[in-house]
Amino acid sequence: MTYRFHEEVRALLRDLARLGNEHLALARAELRLALGQVVRGIALLVVAGGLLAGVLLFAPVVVTLVLSLWIPLWAAALLIFLLSLLGVVGAAWGGIRRLRAAKFVELRSVLREDLQWIRDLLRSSRESGPSEP
């Protein structure tokens, strides 16, 4: 093996180390982004739980009684129940959507590209072999 081949191997190892460090930085950035989406999703689920507690407790009774001044009591109760249920489902759906959106799509594609680059590099180095002076 020649000095030039050793230098090429060292350069390749430096490049691979730099590539690994850049992937770690990308993974950290995507993890922060995904974590933010997860926290927002959980917050929306907590809001949905609070809405559910309000729906199941005092507020609907009061609003139903007030509405019963203008419409029949059964219609007021049904209207309040349906509106409350719609609010809870909407908040829960928003929270679940945010939780599902937390994915590492960019990191996967970059890792696949770099893996292909390394395979091509190794294939070309095997085909050329070490050069003798």
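Ala48 lies in helix α1, where helices are DSSP runs of H or I with at least four residues, strands are runs of E with at least two, and both are numbered from the N terminus. With a relative accessible area of 5%, Ala48 is buried; buried means under 20% relative accessible area, exposed over 50%, and partly exposed in between, using a 1.4 Å probe and protein chains only. Leaving out residues up to four places away in sequence, Ala48 touches Val88, Ala91 and Ala92, with contact meaning heavy atoms within 4.5 Å. The C-alpha atoms of Ala48 and Gly87 are 8.0 Å apart, although 39 residues separate the two in sequence.

A word on the model itself: it is predicted, so local features need pLDDT of at least 70 and side-chain atom pairs count only at pLDDT 80 or more, while totals for chains, interfaces and linings use all residues. Residues are numbered from 1 along each chain as its sequence is written, and side-chain values use heavy atoms, with hydrogens and water left out.

Let us stay in helix α1, which is also the place of Leu45. Leu45 is partly exposed, at a relative accessible area of 33%. Beyond its neighbours within four places in sequence, Leu45 is in contact with Ala92, Gly95, Ile96 and Leu99.

| Pair | Separation in sequence | C-alpha distance |
|---|---|---|
| Leu12 and Ser125 | 113 residues | 11 Å |
| Val38 and Leu79 | 41 residues | 33 Å |
| Leu45 and Glu127 | 82 residues | 57 Å |

Now for the whole chain. The protein has 4 helices and 0 strands, and its elements run α-α-α-α from the N terminus on. Its C-alpha trace spans about 100 × 20 × 15 Å along the principal axes. The radius of gyration, taken over C-alpha atoms, is 30 Å, whereas a compact globule of 133 residues would have one near 14 Å; the globule rule is 2.2 Å times the number of residues to the power 0.38.

Of the 133 residues, 16% count as buried. The protein exposes about 10100 Å², and carbon and sulfur atoms supply 70% of that area, as calculated by the Shrake-Rupley method with a 1.4 Å probe, where only the protein chains shown count as cover for residues. Among contacts with a separation of 6 or more, 82% are between residues 24 or more positions apart.

Finally, have a look at the second largest pocket, with a volume of about 170 Å³. A pocket is an open set of points on a 1 Å grid over the protein atoms alone, where a 1.4 Å probe fits and protein lies on both sides within 12 Å along at least five of seven lines; lining residues have an atom within 4 Å of a point. The elements giving two or more residues to this lining are α1 (3-56), α2 (59-67) and α3 (73-101). Helix α3 gives the most, with 5 residues. The lining includes Leu52, Val55 and Leu56, along with Pro60, Val61, Ile80 and Phe81. By type, the lining residues divide into 10 nonpolar, 2 polar and no charged, where Ala, Val, Leu, Ile, Met, Phe, Trp, Tyr, Cys and Pro count as nonpolar, Asp, Glu, Lys and Arg as charged, and the others, Gly among them, as polar.

How values were computed. Grid points are joined across faces, edges and corners, and a volume is the space filled by probe spheres set on the points.
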